[in-house]
Amino acid sequence: MNEPPHEALVLLAPVEGVLDRLRELVAVTQLGSQRVVLAVVGEGQREKVLALPGVLGVYTDAVPDTARRVFSPGEQLFVSAWEARARPKERPGDGLAWDDPGFRPPDRPTGGAS
């Protein structure tokens with residue numbers, strides 16, 4: 001069975017044309033910077049992407065600390081946000097009705113016609 005494509009974080013070296021070569025191989029969906037991009041990587045493409053000159057890493061889960069050392073503060077924020085996408089959200093009352101014990105109903109709308 002074929003595995004569906006995954007969104008991957010791709011770490012690039014400052015090599016001339018690496019982003020263009022990456023775009024020829026996979027769909028680049030977002031640029032965090034010239035070194036950190038998101039791309040849709042399908043089955044069997046990870047190895048091809050890693051073989052491109054200037055590609056330092058392809059990550060579909062958490063980025064290892066060894067790779068994080070090269071990130072600027074902005075890139076670090078981009079990577080942290082990307083990693084957070086897979087974590088379940090924890091919100092008080094998530095999944096409960098608004099009038100369950102311990103919760104208050106939403107405020108009534110203000111203004112408008114009476």
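Guide: Helices (H or I, at least four residues) and strands (E, at least two) are DSSP runs, numbered from the N terminus. Arginine 68 lies in one such run, helix H3. This is a predicted model, in which local features need pLDDT of at least 70, side-chain atom pairs count only at pLDDT 80 or more, and totals for chains, interfaces and linings use all residues. Residues are numbered from 1 along each chain as its sequence is written, and side-chain values use heavy atoms, with hydrogens and water left out.

Visitor: Why does arginine 68 count as buried?

Guide: Buried means under 20% relative accessible area, exposed over 50%, and partly exposed in between (1.4 Å probe, protein chains only). Arginine 68 has 16% relative accessibility and therefore counts as buried. Leaving aside residues up to four places away in sequence, arginine 68 touches Val63, Gln76, Val79, Ser80 and Glu83, where contact means heavy atoms within 4.5 Å.

Visitor: What lies 3.5 Å from a polar atom of the side chain of arginine 68?

Guide: That position is taken by the backbone oxygen of valine 63.

Visitor: How do you know that the buried residues of H4 are on the same side of the helix?

Guide: The residues concerned are Glu75, Phe78, Val79, Trp82 and Glu83. They cover an arc of only 135° around the axis, so they are on the same side of H4; the arc is that of the directions from the helix axis to the C-beta atoms. They pack against strands E1 (6–12), E2 (27–31), E3 (36–41) and E4 (55–59), and against helix H3 (65–68). The face turned away from this buried side carries the exposed residues Pro73 and Leu77.

Visitor: What makes the span of H4 close to the expected one?

Guide: The expected span is 1.5 Å times one less than the number of residues. H4 (residues 73–84) has 12 residues and reaches 16 Å from its first C-alpha to its last, close to the 16 Å expected.

Visitor: Which residues touch the most other members of the largest nonpolar core?

Guide: A nonpolar core is a set of buried Ala, Val, Leu, Ile, Met, Phe, Trp, Tyr and Cys residues joined through side-chain atoms within 4.5 Å. Of the 14 residues in the largest, these are Val10, Leu12, Leu22, Val37, Val49, Val55 and Val58. E1, helix H1 (18–25), E3 and E4 each supply at least two residues of this core. Apart from it lies another core of 11 residues, including Tyr59, Ala67, Phe78 and Val79.

Visitor: What makes E2 and E3 a pair?

Guide: Two strands pair if DSSP finds at least two bridges between them. E2 and E3 have 4 bridges, in the antiparallel sense.

Notes:
A polar contact is a pair of N or O atoms within 3.5 Å; within protein, one must be able to donate a hydrogen and the other to accept it, and residues adjacent in sequence count only if both atoms are side-chain atoms.
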